[in-house]
Amino acid sequence: MRAEGDRETVLETEKDPTSEELGEDVDYIAFPDEDEQAVDAATEDGDAQEPEEEVYEQERTRQERDGPPWDLPPETIASPWLRLHEEVLAFARFVTPTKQERNAREEAVERVRQVVESIWKNAQLQVFGSFATGLYLPTSDIDAVILRSGCRQVQDGLRALANALSRRGMAKNVQVISKARVPIIKFQEKESGFQFDISFDVANGPQAAQFLNKWLQEIPQVRPICLVVKFFLQQRELNEVYTGGIGSYALLTMIVAFLKTHPSRRNRLGNRKSLEGSLGVLLVDFFRLYGKLLNKRNVGITASEGGMFYNKEERNFLNDGRPYLLSVQDPVDSDNDLARNSYNISKVTSAFDFAFQMLTTPKIMSSSSILESILDWKRDSLLIERAELIKASMLDNSLAEAKHEGEGVNGEDPTPKVAKSRKRKGKRRKGENSQKKQRKD
């Protein structure tokens, strides 16, 4: 790990209780040893739940009985670090977009692109951010930028797009934010329900996506750790810059910088080594660095130059009015501090410290699910509903494969009877809910 100035300024002055055990040349990583979702049909009086509520209640009841909706590692795995490693991977698989979800987003982008091209023939709509990197959550916005529009006034372009979307009835909750540092239009695409944030002629977004995709290929540990931490922050409403939290770009840069400077990448002689392979160890290390040890008043971190810490004042990133702010250098624009508007960083830091304490508590480390100590799935409708969505997606995929294989015995449709029953049941519920709505009207 390389750092500018004295190494002591990287860490908080508060003494780490395990520093003597680690040795003086180890900067900030210390761990204990391994020893340490319902109602299925309408009731007789006709009061039926809405289908979405029904799915939610059924899945919530099941999960309260069976545990978290993501897969848990086998109980035969004794090491808590290995079990946490496996659980991080399982959670990442659970929240990774399905093929249907990816297609739905791509189709929404294409519809918006057609509107853009109807206004400016030669314009290009490019997506960036979490959609471009594949690190988006089911509720994530779609960030895009319009390039080569030839529009001289960005505000005029934003209003032209807003008017075109409104005339076609494609969008709702349209907001034109023209006085921001980067003027944007925010709207919800009606057909898909996805939220769009679109800017004009700001090319650094797509450029940053190229950097991030390169890192994702080079450091495979980034993706699963990022998905866990993004969900962790989202549950605490600390994942948006406009509310003082950490944005996706800054978070991903923080993770890459952390992994590039991780002590496992060097030996005691300073020679380069392979990065720690345990995602459990790395996740806890991340929470410990940013929640407990990093001296944010004096030190910032960058993923450029191989990853390093730097003196905030020397890079003009020190805010005299808010010296406590975290500083994360933009890998695309070295003069840009990605965390300069994250004014709720103290809450973020406290949340990270809480995660570190929970994940290293012996009682939790010996439980069947370690991650559920920091990811509250029981009160998160998104996670509960996602479990049902994934099961439906798996069934649809199996049906598609069965149909692809051809007709069944005696020319019968090979579709399982349970699937046909599910379709009939869905139609029946739709009719019942329609009748219910007519009675209310």
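1. Is R159 buried, partly exposed or exposed? At 41% relative accessibility, R159 counts as partly exposed, because that value falls between the 20% limit for buried and the 50% limit for exposed. Please keep in mind throughout that this is a predicted model.

2. The partner of R159 is D156, and their side chains form a salt bridge with an N to O distance of 2.9 Å. Both residues sit in helix 6 (residues 154–167), three residues apart, which is about one turn of the helix. D156 is partly exposed too, its relative accessible area being 42%.

3. How many salt bridges are there in the count? The count comes to nine. A second one to look at joins E191 and R111, at 3.4 Å from N to O. E191 belongs to the loop between strand 5 (184–189) and strand 6 (195–200), while R111 belongs to helix 4 (residues 99–119), so this pair ties together parts that are 80 residues apart in sequence. E191 has 63% relative accessibility and therefore counts as exposed.

4. R315 is in the loop between strand 8 (308–311) and helix 11 (345–359), and E305 is in the loop between strand 7 (299–302) and strand 8, so the pair ties together parts ten residues apart in sequence. For R315 the relative accessibility is 17%, so R315 counts as buried; E305, at 43%, counts as partly exposed. Returning to E191, salt bridges that share partners join R111, E189 and E191 into one network.

5. Now to the helix packing. Two packed helices are described by the angle between their axes and the distance between the axes. Helix 8 (residues 222–235) and helix 9 (residues 248–260) pack with their axes 10 Å apart, at an angle of about 135 degrees. That makes helix 8 oblique to helix 9, and the crossing of helix 8 and helix 9 is right-handed. On the helix 8 side the contact is made by V222, I225, C226, V229, K230 and L233, which meet S248, L251, L252, I255, V256 and L259 in helix 9. By class, the residues of this contact are ten nonpolar, one polar and one charged.

6. Helix 9 also packs against helix 7 (residues 204–218): the axes of helix 7 and helix 9 come within 11 Å and cross at roughly 40 degrees. That makes helix 7 oblique to helix 9, and the crossing of helix 7 and helix 9 is left-handed. Which residues of helix 7 meet helix 9? They are A208, L212 and W215, and their counterparts in helix 9 are Y249, L252, T253, V256 and K260. The contact of helix 7 with helix 9 divides into six nonpolar, one polar and one charged residues.

7. At what angle do helix 3 and helix 10 cross? The axes of helix 3 and helix 10 (residues 279–293) come within 6 Å and cross at roughly 85 degrees. Helix 3 and helix 10 are therefore roughly perpendicular to each other. W81, L84, H85, V88 and L89 in helix 3 meet L279, G280, V281, L283 and V284 in helix 10. This contact of helix 3 with helix 10 has eight nonpolar, two polar and no charged residues.

8. H85 lies in helix 3 (residues 80–95) and is buried, with a relative accessible area of 16%. Not counting residues up to four places away in sequence, H85 touches G277, S278, L279 and G280.

9. Last, please have a look at T349 in helix 11. T349 has a relative accessible area of 12%, so T349 is buried. Leaving aside neighbours within four places in sequence, T349 is in contact with Y290, G291 and K296. The C-alpha atoms of T349 and R288 are separated by 9.5 Å, and these two residues are 61 residues apart along the chain.

Note on methods. Residues numbered from 1 in each chain as written. Predicted model: local features only at pLDDT ≥ 70, side-chain atom pairs only at ≥ 80, totals over all residues. Heavy atoms only, no water. Salt bridge = Lys/Arg side-chain N within 4 Å of Asp/Glu carboxyl O. Helix = DSSP H or I, 4+ residues; strand = E, 2+ residues; numbered from the N terminus. Buried < 20%, exposed > 50% of the residue type's maximum accessible area, 1.4 Å probe, protein only. Axes fitted to C-alpha atoms, helices over the stretch in contact; angles between N-to-C directions. Parallel < 35°, antiparallel > 145°, perpendicular 65-115°, else oblique. Left-handed = near helix turned anticlockwise from the far one by under 90°. Contact = heavy atoms within 4.5 Å. Nonpolar A, V, L, I, M, F, W, Y, C, P; charged D, E, K, R; others polar.
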